[in-house]
2 protein chains.
Amino acid sequence: MRQSKLFTKTRKEAPKDEVSKSAQLLIKAGYIKKEMAGVYTMLPLGLRTLQKIQEIVRKNMNKIGGVEMNLTALQDPNLWEKTGRWDDKVLDVWFKTKLKNDTEVGLATTHEEPLTNLMKDHISSYNDLPVYPYQFQTKFRNELRAKSGIMRGREFLMKDLYSFSESKEQHDEFYEKIKKAYFDIYEECGIGDKTFLTFSSGGSFSKYSHEFQTETDAGEDIIYYSPSKKIAVNDEVYNDEVLKELGLEKSELVEKKTAETGNIFTLGERFSEPLELIFDTKEGERKPVFMGSYGIGIGRLMGVVAEILSDDKGLAWPESISPFDVHLVNVSGDNEDSVKLSDEIYEHLTQNGIDVLYDDRKKGVGEKLGDADLIGISKRIVIGVKGIESGEFDLYNRLNDKTEKVSESQIMNLEFIKKNGNN
Amino acid sequence: MRQSKLFTKTRKEAPKDEVSKSAQLLIKAGYIKKEMAGVYTMLPLGLRTLQKIQEIVRKNMNKIGGVEMNLTALQDPNLWEKTGRWDDKVLDVWFKTKLKNDTEVGLATTHEEPLTNLMKDHISSYNDLPVYPYQFQTKFRNELRAKSGIMRGREFLMKDLYSFSESKEQHDEFYEKIKKAYFDIYEECGIGDKTFLTFSSGGSFSKYSHEFQTETDAGEDIIYYSPSKKIAVNDEVYNDEVLKELGLEKSELVEKKTAETGNIFTLGERFSEPLELIFDTKEGERKPVFMGSYGIGIGRLMGVVAEILSDDKGLAWPESISPFDVHLVNVSGDNEDSVKLSDEIYEHLTQNGIDVLYDDRKKGVGEKLGDADLIGISKRIVIGVKGIESGEFDLYNRLNDKTEKVSESQIMNLEFIKKNGNN
């Protein structure tokens, strides 16, 4: 895309009430726009990165047998009354509204109830199990405070997968698989080395649930991490009994400030029993289905990456979730040769499936490179009069802050461009 | 995907309160689930078709310069008060709810106000124009009645594009382009020949707006169509004055029952003036931006196609929006050779990028073929003992109801399968 057609402009200042560093950068770079606290529009650059994260999550969910669907935001209270969660004291983040006929309805904060109910049409026997439906869905949560930018939204895109199994054993097998899939996702998004499997409190059907906590000063959580055992506990379950059970010594634990970038939870019969999702076992018994739930906030993940992979000049995306593959910057916009070469490179790369943001604007060098640093596309090619004269151009990697000198023929070589300037 | 892993089951009956034929079929075939009137979950098959329609719309919007973004559902009343549309008497389909601090917020039914406001950050001069942001966004509309299945939802996915132009002339040029793009979309979705450009009432800035009306008994609208001039008027503007202006004679007009599958609207300064989206013209004047809006309900379009392209056995999708490319049905599930050959075909086609639903279930022939007719995937390959013995298998086209006899080697030939059995 030509940058002259990308309608967003960078800005010098973020709104004064925006305290989160990632939100400040994302606003200044033109990725998001704050509509109200915890409610953000995704501008074209922001949507591109969000969609890339979504695609990484989708690929990893499909790989372990996930089947994508899409539940609704509007919720019938009847179902939620059966599990006790319609009550604002039990679930304290409901937005509620009314149909024209005065019937009260809610906006979903999570989807255990409607999905469990739906599955009654499709699960009747052990032959129908296990199944792993998931969705990307906009959740609404009426948070009292929302000061962490897109890391804690009142309206946000979430991936939620639910597992339906015939037994705890079948459930446990999947639970281990999805743990691994989650780490693959964090790894691919560039925060694998800062994300820790963290024990947190469970429910009636398992002592613990697991959070994936990513180290960042902007986090709202505290965890205690064992570098040698590569597990952590959150402060909810940080006590002698739990440490003993997990074989951890206080002395080996490092305290870290973190943000939760995912969680997985054994639900057991918590929902299938009250909502009567019952199946026939191999042995001819009737039993509630054994369930689990597995969430990743897509917007939050994007916020956490922006928080960690950025510097004082701006964002610095890994290639995997960079809004474009290449930022082509013509720094000699007035020069005919420079425009001609830049146009040729743009056409060539774009026509060959490389996603290029081409800065063809009539702006000065300083402003263009400043904007490029702020926007943080992973790979940058700089074209200008000096390069044309010397035959050497800058191929810059934003994340590593490294520059290689490359020739015109290298730039035009698709394999070379795909391989070089990488993170 | 193996059908044994697709968790949805077909059903014999739709809910009794579901009067729309398309919704009945989509529910019976396992595409959608009714959560409440006008609120439908997209099951895996439904989501696949919805996403294919979305992709067709996206491609055509990008082609004419559309830039994708994503606005929010939650809305700040302040903006809407400036245009007078916060008032339930003016916009009568609001869902309203409250933040924890008792501030009232709304759920967006459309997005002129927030987008016009957002553009104030990005448009200041004629150099910044024209721009064409668009989104796929879940809209909420508190309809009094919602009896037409996914053709009139209370919660539904919509594509809305907004144009920002420096003059009526620049606007008109784009308006003609998007008209053509819309017809390309209907054509690709298989309802091009039944969709008519229809004049309807405009606003202060243009006498008419345009609807795209698709002929179906399930429609809620009436239009008057001229087969020779290929335009129609809706009943709102069906009067002598309008007919004279458009050069239409009553005698040439055919009355048709239709559903609106899109609309395009010249907004002019209706929103840019009260919300102060002002730019510097080439001549150094200050003027409000000239706007237009362009909607297509993605769910509604899916519903209308289902209404038109179906028969008493079930749905019959065109290839372009069929949830899978091929339905591979093993009708001799107990037979080892038949399972072996079906498995081979499935692996071969899937590994080569053909999207196959493979009916590997332990069910009888009648049930399998009945389900296949109901689900309506465009191309079907039937494998069974009889075929293995004779060396001839059925390649069936669901939409045209035509069967070709093909050999095993033809089935394994990717080019052959892509070309044959097509609509």
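## Sheet, helix pair and interfaces

In chain B, strands S4, S6 and S5 make an open, antiparallel sheet of three strands in the order S4-S6-S5. S4 (74-75) and S5 of chain B are the edge strands, each with a single partner strand, so one side of each has no neighbour in the sheet. Helices (H or I, at least four residues) and strands (E, at least two) are DSSP runs, numbered from the N terminus. Two strands pair if DSSP finds at least two bridges between them.

The model is predicted: local features need pLDDT of at least 70, side-chain atom pairs count only at pLDDT 80 or more, and totals for chains, interfaces and linings use all residues. Residues are numbered from 1 along each chain as its sequence is written, while chains are lettered from A and ligands numbered from 1 in the order in which they are written.

S5(B) pairs with S6 (residues 104-107) of chain B over four bridges, in the antiparallel sense. Thr97(B) faces Val105(B) of S6(B).

Chain A has two domains, domain 1 (21-311) and domain 2 (324-419). Their bounds come from an automatic or database domain assignment. The C-alpha centres of the two domains of chain A are 39 Å apart. Four residues of domain 1 of chain A contact four residues of domain 2 of chain A. Contact means C-beta atoms, placed from the backbone, within 7 Å.

In chain A, helix H2 (residues 44-63) packs on helix H5 (residues 168-188) at about 155°, with the axes 10 Å apart. Axes are lines fitted to C-alpha atoms, for helices over the stretch in contact, and angles run from 0 to 180 degrees between N-to-C directions. H2(A) is therefore roughly antiparallel to H5(A) (angles over 145 degrees count as such). H2(A) gives Ile56(A), Val57(A), Asn60(A) and Lys63(A) to the contact, and H5(A) gives Ala181(A), Asp184(A), Ile185(A) and Glu188(A).

The contact between the chains takes 42 residues from chain B and 42 residues from chain A. On the chain B side, S2(B) gives the most, with four residues.

The table sorts residues by class. Ala, Val, Leu, Ile, Met, Phe, Trp, Tyr, Cys and Pro count as nonpolar, Asp, Glu, Lys and Arg as charged, and the others, Gly among them, as polar.

| Contact surface | Nonpolar | Polar | Charged |
|---|---|---|---|
| Contact of H2(A) with H5(A) | four nonpolar residues | one polar residue | three charged residues |
| Side of chain B that touches chain A | 21 nonpolar residues | nine polar residues | 12 charged residues |

Methods: Two residues are in contact if their C-beta atoms, placed from the backbone, lie within 7 Å. Angles under 35 degrees count as roughly parallel, over 145 as roughly antiparallel, 65 to 115 as roughly perpendicular and the rest as oblique.
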